[in-house]
Each structure stands twice: as structure tokens, then as C-alpha cells.
Amino acid sequence: MDVEGTRSAVIIGGGIGGLAAAVALHRAGWTVRVQERNPAGAQAGAGLTLWPNAVRALDALGLTEALRARAAALPGSGVRRPDGRWLSRTSADQVISRHGSPQVAIVRADLIDLLASALPPECLRFGDEVTGVDPGDADRRATIHCGGRRIRADLVVAADGVHSRVRRALWPHQPAARYCGYVAWRALVPRPAAAVIASASETWGRAERFGIVPVGDDLVYVYATANAPAGQINQDELTDLRTRFRRWHDPIPALLDAITPGELLRHDVLALRPTPKRLHHGRVALLGDAAHAMEPNLGQGAGLAIEDAVVLAHAVSGSASLATGFDQDNGLDRYDRARAGRVARLTRQSHLLGRLTQTRSATVTALRDATARLVPDRFALRGFDAAAGWHPPAHR
Ligand SMILES: Cc1cc2nc3c(=O)[nH]c(=O)nc-3n(C[C@H](O)[C@H](O)[C@H](O)COP(=O)(O)OP(=O)(O)OC[C@H]3O[C@@H](n4cnc5c(N)ncnc54)[C@H](O)[C@@H]3O)c2cc1C
């Protein structure tokens, strides 16, 4: 039961977006309940990079110290060719001087855990799928259906991922997320003893990429992409991956050898394009991949989900109207105004980068690489200004 006078929010989905929303609303004084369909501890994933905007969003959630304890600042990053030559390279100092904080790498399960640890344990409800939502209206609270119960709330946050059931139900004209023509593999591996990894890198081939992200001294997050038909399943994914990249520069072959069979993740890359024009319906707000699943080329999906959470809590907590009835300025309109344009822009930018990096054309590949080599490194960093330059709204 809600504490008298506090407003209540049900968050559907206990991924990075849902947990960040719960932390943000809890800090703003809301009673929160996170409803996750999977059992506790079932969150899979490899690593993530977080740009300075995401680091600032986590700062706004009071998680600076927790992040520092679990994440590793990247010593630098850059783009290479399959023969190992660098096309562009940026140091951590350059990132800090341009954006005020470094880019960091973290194990995805650690990020989930640090967000969950910021919540009272009784807020987290695992193992029950939300099967329906009534969005409510100005005078009526929203209701979710879950495990045979109906739960009412002043606000419902739909953070139920790329295939969002809530989005399908309440935004029936929004096209479903589409396959982008390529797959992504991900794994965490122990750093091979002989591997020299001075910075993070992404190596661009023709319609293939390989990423190396050191997560501290002992662990490396690796990922790769390749064009493929949707839904294809290989008998031996790891052997296929080793064969694809065996002639690429060191330490890629050694990193592939270090992957434990069964720990390699493979996903079709999906994106929601265009993103919804409005991110709320009645008292339901869409957030994270449910609102703007994007291609992973900017390394921004999780970061934007955390930003959404900070902005949403700020927008609705300045408004008394969610508890008492909607008015012209109910907070959710502010959330829309602050987020819809930004997430649409970055979704498009990530798509364009995907077109360039997954091209099969030898001519476009050569032009792309020549451009990347000629652009001075400090200008290359400017390409990330739109994403990394975000700041949380000023606290009231
Ligand atoms: C290959 C790849 C690499 C990436 N790399 C990066 C990166 O480096 N940096 C970055 O910032 N982002 C990255 N991303 C993006 C990032 O992983 C996602 O944007 C982020 O995890 C989205 O979080 P979410 O909470 O919105 O969705 P999800 O993580 O999908 O969580 C949704 C949750 O909702 C639950 N759920 C769904 N339906 C229901 C229901 N009906 N009832 C109850 N629970 C439900 C699901 O079980 C799930 O736990 C990458 C993505 C990919 C594919």
C-alpha cells in the first residue's frame, strides 16, 4: 500500500531502463514497484560502454561512487583496419577535456546490480509478466494486470524492451522494431596473458566489425557484427566467428580463442524507426528500448535509457497533477518535449553509422576508411558531441 500522500509508480521491466526509472522516482519520493517477468538474477549480457552523458545521468541518480567501484575508465579508443592500422584514435584526456568525464566500460550484470542495490528490495517483484495495461486518464489512475492481479498506480513506466507489449497495445500504429540486416555477437573473456590492449578499439572490415573493450585489468568485453539473414542460427556459432576473424589483427584471434563455448551471445540487431512521436499515453510513459530501441553503433542505448529515467522523474515530480488529475502541464508532456527529438536524432545517427560500417561496397569502404584516416582525431570526437554532451535537468 502506498504511504499516505506519496505518489505511486509501477515500472514494467527490470532491465537497465526500468531500474534506473525506479531509482530516479524513488529518490524523488515516489513509491515504486518494478515488475520483471524473469526470475531474479536471470539478466544476461556481456559488457557496455557508457559515454559521459550516461555517466552524468548515473551521477544524477546518486550512483557516482557505485559506478566508480564497478566500472573501468577507458584509457582511450579508436578505429582500426583489419590489418591493425589505426584510422583514428582518441585518448581519455581528449574525451575528458571535451566532455568533462571519461567513457567507461562495465559488465552489464554489474550495472543492473548497482541500480537494483539503490532500491529497497521489496520494490523488486520478479517472475510475473505484465499482461495488460489500462493507461488511465486525467481522473483515473492507470492499472496493470499481472499474475491475476490488478495493480493501480499514478504512473506506469513501460520499460519492457524492444518488443514492448505495452507499446504494441497502446501505440497500435507504431511499426514494430525492424531487423537491420546484421547480427551482433558479444562475450566477456579473461584477458589473454600475451594480449596488448592499450585502449578500446573497433575494427572496421567490409560489412564486418570487431570491438575490443578492456573492463579493468583482467577482463575484456568483445563484440562483433556481420551481415546475415534474419533469424539465422548456426550449429557452431563460435567456430563460425573464429573462422570469420582469424586473419584480423592481434589480439583478435587470441580473444576469440579465449571465449568459453556457451558464453557467446548472438542477437539480430533490431531498431525502432521511426521512434514514436509521443512517448506517453494517458499515465503510461515509454522508456528505454521500449521507446527507442536503436542500433548499437553509438554505444548509447543504455545511456539514453538512464537519461530517460532522470528526465522522467524530474518532469513528473515537478507536477502535482499526476496524483490529482491531469492538467495542461502534467509532467509527461515535459518528458515528451525533452526526449522525443533527442532519441529520434540519435536513432537516425546510429542507423547512418550502421549503413557505413556494414556496407558491402568496396568503394564505400575505401572512401569511409580514407575519410576516417584524414579527419583529425579531435574532430572525430566532435561527431559524438550530440550524444555525449547531454546534461541532466537542473534539480528543482
Ligand atoms: C549488441 C549490443 C551492444 C550494445 N552496447 C551498448 C553499449 O555499449 N552502451 C549502451 O549504452 N547501450 C548498448 N546497447 C543497448 C542496451 O543494451 C539497451 O539499450 C538497454 O539494455 C535497454 O535497456 P531497457 O531496460 O530499455 O530494455 P531491456 O534490457 O530489454 O529490459 C526490458 C526488461 O523488461 C522485461 N519485460 C519485458 N516484457 C515484460 C512484461 N510484459 N512484464 C514484465 N517484464 C517484462 C524483460 O524481461 C527485460 O528484463 C547495446 C545493445 C546491443 C544489442
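How many residues lie between β5 and β6 in their hairpin? There are five, and Gly 84 in the turn has a positive phi of about 100 degrees. Before going on, some ground rules. This is a predicted model, in which local features need pLDDT of at least 70, side-chain atom pairs count only at pLDDT 80 or more, and totals for chains, interfaces and linings use all residues. Residues are numbered from 1 along each chain as its sequence is written. Helices (H or I, at least four residues) and strands (E, at least two) are DSSP runs, numbered from the N terminus.

Strand β5 covers residues 76-80 and strand β6 covers residues 86-91. They run antiparallel, joined by five bridges. Two strands count as paired if DSSP finds at least two bridges between them. Find Gly 76, and opposite it in β6 stands Ser 91. β5 also pairs with strand β14 (residues 200-204). Here the strands run parallel, with four bridges. Ser 77 has Ala 200 as its bridge partner in β14.

Follow the chain out of β14. Ala 207 lies in the loop between β14 and β15 (208-215). This residue is not a glycine, yet its phi is positive, at about 65 degrees. Thr 260 is exposed because it has 11 C-beta neighbours inside 10 Å. Thr 260 sits in the loop between α8 (252-257) and β17 (265-271).

Another sheet is open and has three strands, in the order β9-β10-β11, with antiparallel pairing. β9 (130-134) and β11 (149-153) are at the edges, each with a single partner strand, so one side of each has no neighbour in the sheet. From one strand to the next, the twist averages 25 degrees. Four bridges join β9 to strand β10 (residues 142-146). One of the pairs is Asp 134 with Thr 143 in β10.

Now look inside. In soluble globular proteins, nonpolar side chains tend to be buried together. Here the largest nonpolar core has 106 residues. Such a core is a set of buried Ala, Val, Leu, Ile, Met, Phe, Trp, Tyr and Cys residues joined through C-beta atoms within 7 Å. Val 157, Leu 287 and Leu 312 have the most contacts inside this core. Helix α10 (residues 301-317) gives the largest share, eleven residues.

In total, 35 residues surround the ligand, and the closest are Gly 13, Gly 15, Gly 161, Gly 288 and Gly 301.

Finally, check two peptide bonds. Asp 250 and Pro 251 are joined by a cis bond, with omega about 0 degrees. Arg 273 and Pro 274 are also joined by a cis bond, with omega about -5 degrees.

Methods
Buried ≥ 20, exposed ≤ 12 C-beta atoms within 10 Å, placed from the backbone. Near = placed C-beta within 6 Å. Axes fitted to C-alpha atoms, helices over the stretch in contact; angles between N-to-C directions.
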